[in-house]
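Student: Hi, I'm new to this one. Can you walk me through it?
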Amino acid sequence: MPVNMNDFKKQDSTWCPACGNFGIWTALKKALVKLDLGPDQVCFTMGIGCHGHLHNYMKTYAFEGLHGRSLPLGAAIKMVNKDIPVVAFAGDGDCLGEGGNHFVHTIRANHDMTLVLHDNQTYGLTTGQTAPTSLKGYKSKSTPSGVIETPFNPLTLALSSGATFVARAFSQDLSGLSDILVKAISHKGFALVDIFQPCVTFNKVNTYQWFKERVYKLEETDHDTSDKIAALSKALETEKLPIGVFYEEKRPSYEDELPQLEGEPIVNREAGKRDVDSLMEALR
Ligand SMILES: Cc1ncc(C[n+]2csc(CCOP(=O)(O)OP(=O)(O)O)c2C)c(N)n1
Ligand code: SF4
């Protein structure tokens, strides 16, 4: 039986009405249906935040870890079972603040997984503090006079760290987002999908209207997705905001290159018994 959207049905969501996460949820189910990946054929990892509640609303294998840690969790799962597609979900605070270190190192290793970055430019779950992607001057409970630092640019950081697939999407553009998710999950190696995801309750600057006035589609331009310099230049645009695939490159993944992973996935191998007495003796 082909996979259908209802296969993922679990429980109703508690996200605020009109939250951008609803678009991501729907587009993701559409992408999994297009890929014919059922609940037991994909594994999610989450950090902590509103985005992390997604596994409560979708029936798949999933592991909700610590704040900022969906990437190392995903890498570990991929090492044990290199055959299962792994999708890591993270908030911008989660991934670029607390988990910032993991972001660059998972990318440079080219672990074979997809990162879905719910980029609402604020800390949603903890009621709207300033996040690493909040625009300069953004006022919140944690920066009442406006944030001083310049925002992180996840795309330029990913490109300069060696990412092999870099894309950006808008949660309201369901079909565009779902197409990008299909490409990202099919990509061999690390894929970043940075998603503009309006937090309607706390971020009163980066609203649906704000994005609608700025986004345009890269696929409607002559952008060459194999040109890294062109991708960097597009990622640096701030007046208008391109969405779509910025960059794609074929390079062996970490899992392809690690000799211990050759052959059967570790999860399918016989554990067997090993005599470790001599090793313990040597370490005494
Ligand atoms: C190490 C650590 N620091 C802080 C927290 C508290 N905390 C939980 S969720 C959260 C904010 C989440 O914001 P974001 O990652 O942007 O995700 P969103 O809720 O917007 O989806 C924070 C600060 C925590 N759980 N662990
Ligand atoms: S607080 Fe923001 S991100 Fe969280 S559910 Fe509400 S609208 Fe969505």
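Predicted model: local features only at pLDDT ≥ 70, side-chain atom pairs only at ≥ 80, totals over all residues.

Student: Helices, then. How do H1 and H7 cross?

Tutor: Helix H1 covers residues 21-35 and helix H7 covers residues 174-186. Their axes come within 8 Å and cross at roughly 50°. That angle is why H1 counts as oblique to H7. The crossing of H1 past H7 is right-handed.

Student: Why give an angle and a distance?

Tutor: Because two packed helices are described by the angle between their axes and the distance between those axes.

Student: Which residues in H1 and H7 meet?

Tutor: From H1, the list includes Gly 23, Ile 24, Ala 27, Leu 28, Ala 31 and Leu 35. On the H7 side, Leu 174, Leu 177, Leu 181, Val 182 and Ile 185 are among them. By type, the contact of H1 with H7 has 11 nonpolar, 4 polar and 3 charged residues.

Student: Moving on. Which residues touch the most other members of the largest nonpolar core?

Tutor: Leu 32 and Phe 44 do, in a core of 33 residues. At least two residues of this core come from each of H1, strand E1 (43-46), helix H2 (54-57), strand E3 (86-91), strand E5 (165-170), H7 and strand E6 (191-196).

Student: What does Leu 32 touch?

Tutor: Not counting residues up to four places away in sequence, Leu 32 touches Phe 8, Leu 37, Val 42, Phe 44, Met 58 and Ile 185.

Student: Switching to single residues. Lys 78: buried or exposed?

Tutor: Buried, because its relative accessibility is 3%, and buried means under 20%. Lys 78 is found in helix H3, residues 70-80.

Student: What is Lys 78 in contact with?

Tutor: Leaving aside neighbours within four places in sequence, Lys 78 is in contact with Ile 84, Pro 85, Val 86, Asp 112 and Glu 255. Pro 265 is 187 residues from Lys 78 in sequence, yet their C-alpha atoms are 9.2 Å apart.

Student: And where is His 111?

Tutor: His 111 lies in the loop between helix H5 (100-109) and E4. His 111 is buried, with a relative accessible area of 8%.

Student: Which residues is His 111 in contact with?

Tutor: Skipping neighbours within four places in sequence, the contacts of His 111 are Ala 75, Met 79, Thr 106, Gly 189, Phe 190, Tyr 254 and Glu 255. Take Tyr 254: in sequence, His 111 and Tyr 254 are 143 residues apart, but C-alpha to C-alpha they are 5.1 Å apart. Glu 255 is also one of the contacts of Lys 78.

Student: Next, Lys 217. What is in contact with Lys 217?

Tutor: Asp 173, Gly 176 and Ile 243, leaving aside neighbours within four places in sequence. Lys 217 is found in strand E7, residues 215-217. With a relative accessible area of 24%, Lys 217 is partly exposed. Lys 217 and Ile 243 are 26 residues apart along the chain, and 5.1 Å separates their C-alpha atoms.

Student: Last one. Pro 259: buried or exposed?

Tutor: Exposed, because its relative accessibility is 55% and the cut-off is over 50%. Pro 259 lies in the loop between helix H10 (254-257) and helix H11 (277-283). Pro 259 and Thr 133 are 126 residues apart in sequence, and their C-alpha atoms are 38 Å apart in space.

Methods. Residues numbered from 1 in each chain as written. Chains lettered and ligands numbered in written order. Heavy atoms only, no water. Axes fitted to C-alpha atoms, helices over the stretch in contact; angles between N-to-C directions. Helix = DSSP H or I, 4+ residues; strand = E, 2+ residues; numbered from the N terminus. Parallel < 35°, antiparallel > 145°, perpendicular 65-115°, else oblique. Left-handed = near helix turned anticlockwise from the far one by under 90°. Contact = heavy atoms within 4.5 Å. Nonpolar A, V, L, I, M, F, W, Y, C, P; charged D, E, K, R; others polar. Core = buried A, V, L, I, M, F, W, Y, C linked by side-chain atoms within 4.5 Å. Buried < 20%, exposed > 50% of the residue type's maximum accessible area, 1.4 Å probe, protein only.
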